[in-house]
Amino acid sequence: MATGLPEIVELLGEPRFNWSDPAPWTELEREFGVGLPADFRAIVDAYGSVLVNGQLYLIHPAGHLLHSLGDTIRRDLELWRDEDMVEYLPSAVGSAPGELMPVATATTGEAVFLRVPDDAASPWRVVVQEFDSPAWTLYELTFGEWLLAYLRGRDVTLCVRDRAPDGPSYTFLP
């Protein structure tokens, strides 16, 4: 079971997507040359393409869906590789060790990245960039830990207190 998934389900509610075919992940990971962390995959497989708390977009890689994680990553890599944008991040974007892989966005302008570990023994970490400023924050948390902190209303750059007054929730993306 992925880090934090039972706690995430407890806060966010029962997942209804429950994807089990690894093929879209295999194709995506082959294209980018890196295996994404198990906790991220498990959470996205459980919930699918959703908007969490009316703020955080999580996108699944299944090709039959309107929203595609592969398309989103390709588009975001192109954006963040632009010479006017590179100064806004602590390192380059991409799939090499130490680089940042864009995996989520927020309606409030933040971009969420997974920092590719320097070696196989190191964990993936989360970097959040505030799109309207040059500010970014590295969280020494796995994606599951970071999402759990977000759902609990902790300050992880995305402010949830005003977005989920009745508690965490999600809606499927069209």
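Colleague: Which residue in β2 does Leu51 stand opposite?
Modeller: First, this is a predicted model, where local features need pLDDT of at least 70, side-chain atom pairs count only at pLDDT 80 or more, and totals for chains, interfaces and linings use all residues. Residues are numbered from 1 along each chain as its sequence is written, and side-chain values use heavy atoms, with hydrogens and water left out. Strands (E, at least two residues) and helices (H or I, at least four) are DSSP runs numbered from the N terminus, and β1 (residues 50-52) runs antiparallel to β2 (residues 56-58), joined by three bridges. In that pair, the residue opposite Leu51 is Tyr57.

Colleague: In what order do the seven strands form the open sheet?
Modeller: Two strands pair if DSSP finds at least two bridges between them. The pairing here is antiparallel, and the order is β6-β5-β4-β3-β2-β1-β7.

Colleague: Which are the edge strands?
Modeller: Look for strands that pair on one side only. Those are β6 (136-139) and β7 (170-172).

Colleague: Which strands does helix α5 lie across?
Modeller: Helix α5 covers residues 143-151 and runs at about 145° to β2; angles run from 0 to 180 degrees between N-to-C directions, with axes fitted to C-alpha atoms, for helices over the stretch in contact. The strands it lies across are β1, β2, β4, β5 (125-130) and β6.

Colleague: Is Leu147 buried or exposed?
Modeller: Leu147 lies in helix α5. Buried means under 20% relative accessible area, exposed over 50%, and partly exposed in between, using a 1.4 Å probe and protein chains only. Because its relative accessible area is 0%, Leu147 is buried.

Colleague: Which residues does Leu147 touch, not counting residues up to four places away in sequence?
Modeller: Contact means heavy atoms within 4.5 Å. With that cut-off, Leu147 touches Ile8, Ile43, Leu56 and Leu58.

Colleague: Which residues in α3 do Leu5, Ile8, Val9 and Leu12 meet?
Modeller: These four belong to α1, and the axes of α1 (residues 5-12) and α3 come within 11 Å, crossing at roughly 35°. Their partners in α3 are Ala42, Ile43, Ala46 and Tyr47.
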